[in-house]
Amino acid sequence: VNALASGGFWAFVGVVAGIYTIFALGLQLQFGFAGLLNFGQVAFMAVGAYTMAILVVKEGWSTWLAAPLGLAAAAAAGLLLGLPALRLRSDYFAIVTIAFSEIVRYVATNEDALTGGSQGTIALGKVGSAAEYNGQWTRFQDWVQGRLHLTSKDTAMLVIVWVVALALLTLVWLAVRTPWGRVLRAIREDEDAAASLGKNVLAYKLQALAIGAALAGVAGLFYAWQFSFFSPDDFQPLLTFFAWMIVILGGLGRVWAVPVGAAVFGFLFAGTRFLDFRPLSSLDSADRAYLRLIIIGLVIIGLVLVRPQGILGKRDEMVLE
Amino acid sequence: VFWQLLANGLVTGSVIAIGAVGVSVVYGILRLVNFAYGDLMAFGALIAYGCNGPWGLGMVPSALIAMAATAALSVALDLVLWRPLRARRAGFMSLFLASIGLALVLRQSLLLAAGPQPRSYRVDPFKVYVLGSVRLSQAQVITIAVATGTILLLGVFLARTTLGQTMRALSDDRALAAIAGVNVGRVITVTWILAGLLAGIAGVLAGLVEASFDPNFGFHLLLPIFAAVVLGGIGSAYGALAGGLALGLAMELSTWPALFGGVNPVYKPVVAFVLLAAALLVRPQGLFGRARVV
């Protein structure tokens, strides 16, 4: 099968790029605008996805009620992490956030009764019945497909994800243009100066962290709906690093650089699936997956070395330090 | 049970402590939080496995070869990656991200070269030493002995030798040390050699203790190591040692049934972090770190 030519495959790549756009947008707000070194972004994605799935399967909630609660839970997790951790120096904060995301994953892996454990959401329901939480979502997808006369469910998902992504990008773009956004940037540049102007630095940082976490929560919901089953292993720290790569690739402190970075990343990630020309064709698919991550690691290193401001970044406003 | 847990804690703690000192000296001299350190440890563990398993060498020569190989890799990485970044005056963020990229490259290269299957060293798993109420496996006894030796040597090196004192001086105040005539470039090379040797031995010991390991195991070791470094105060080598031992003991003792029923063993790494968070709230600069005056 020539997957390169198949529309379904590229629709899938587009959906994943859209989900990553929303995920990395949260990080752009936290780091690109507020200067927070959050390396635990994937935890908020997990909290959003699991909260929604658990409420639907175990409590019988409607998806449309459970989804906003998933977002609220992700934002609350951001506050919970930020209240103690934001008082630390930035390098300590970075390490504590990674630790936080690993703790969330440990809990999801080991609290079988709550999360289905390492088997994932497939074990959320009673024994013998595979749990289903995305029935309502699939019906919504069908409805969109019918209304817009789209050829497939994948295309419907593509449209929904990108409509939401563009709406959120616009919202964040508008928000960072308000006085609120200017205070965030002032804090990024010089915390003490912002504090001396009477700004409550901790409160602003907490807001940026919580809003960024909620955005990761949105990404988590779409991740759950797209893949229908997920497990704690889907929320490895690797995902956070992908988001970092997208934000830096696109450009720091630039809202519209996020979809550019996500598109390049999606292309790179999907494109490296096709590394099956000689001599690489002797490798099996697991080996090619390793090779793909090696390439992504090399791209991260190359960016840091060659273009620390990213594709669309402005060198005089923000460079990696 | 208490004494058994205490002994286990010493074993876990000494492995964490050695790794933490490696991370800490690099941070002290280069201001680099090295995310690739766990994978450097995995590299050492796998080299030793290659010597010990297929080649049939004993554990001691295998460990020595692994340490040498890890130190060589560590110096080579300085030449191709860290030195160019220093030339560009890269800051904390750039260095941290580059180390994340490097961690990906290293880990996936190990997986590509060695495969994901778990493996074990050839030690007798049934040989048990009994000491009062404590039962220690051969691997645990080796670990305690080697770790104690390493920690003592390290202490003597840092406190008594000129090179060790120079390293600490550089980590205290780089500009002042350079003015005082310290050859910064040479100390950096020595730092990487030391970090590599420590990563090699810590990786081999961790592989011994864990009974079986795969190329991914470095990353799981990294988080308790980071916790130990932060607990001890970033950049303080003695702090890292103490932090590592304290965390190892806390992780094992937290499962003691007499202590509120004990924590489920799967949450041992979580205990490390809860402890870290609590300690940081009381002393944000770490147990041995100095409050930064700006």
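Reply:

B:Asp78 lies in helix α3 of chain B, which spans residues 59–87; helices here are DSSP runs of H or I with at least four residues, and strands are runs of E with at least two, both numbered from the N terminus. The model is a predicted one, in which local features need pLDDT of at least 70 and side-chain atom pairs count only at pLDDT 80 or more, whereas totals for chains, interfaces and linings use all residues. Residues are numbered from 1 along each chain as its sequence is written, chains are lettered from A and ligands numbered from 1 in the order in which they are written, and side-chain values use heavy atoms, with hydrogens and water left out.

B:Asp78 counts as buried because its relative accessibility is 3%, where buried means under 20% relative accessible area, exposed over 50%, and partly exposed in between (1.4 Å probe, protein chains only). Apart from neighbours within four places in sequence, B:Asp78 has contacts (heavy atoms within 4.5 Å) with B:Arg83, B:Pro84, B:Arg86, B:Ile188 and B:Trp192.

Elsewhere in chain B, B:Phe35 is in contact with residues of both chains, including A:Ile98, A:Phe241, B:Phe96 and B:Phe219. B:Phe35 is also listed, with A:Phe39, A:Phe222 and B:Trp82, as having the most contacts inside the largest nonpolar core, which has 196 residues; such a core is a set of buried Ala, Val, Leu, Ile, Met, Phe, Trp, Tyr and Cys residues joined through side-chain atoms within 4.5 Å.

As for chain A, 13 helices and zero strands are found there, and 54% of its 321 residues count as buried.
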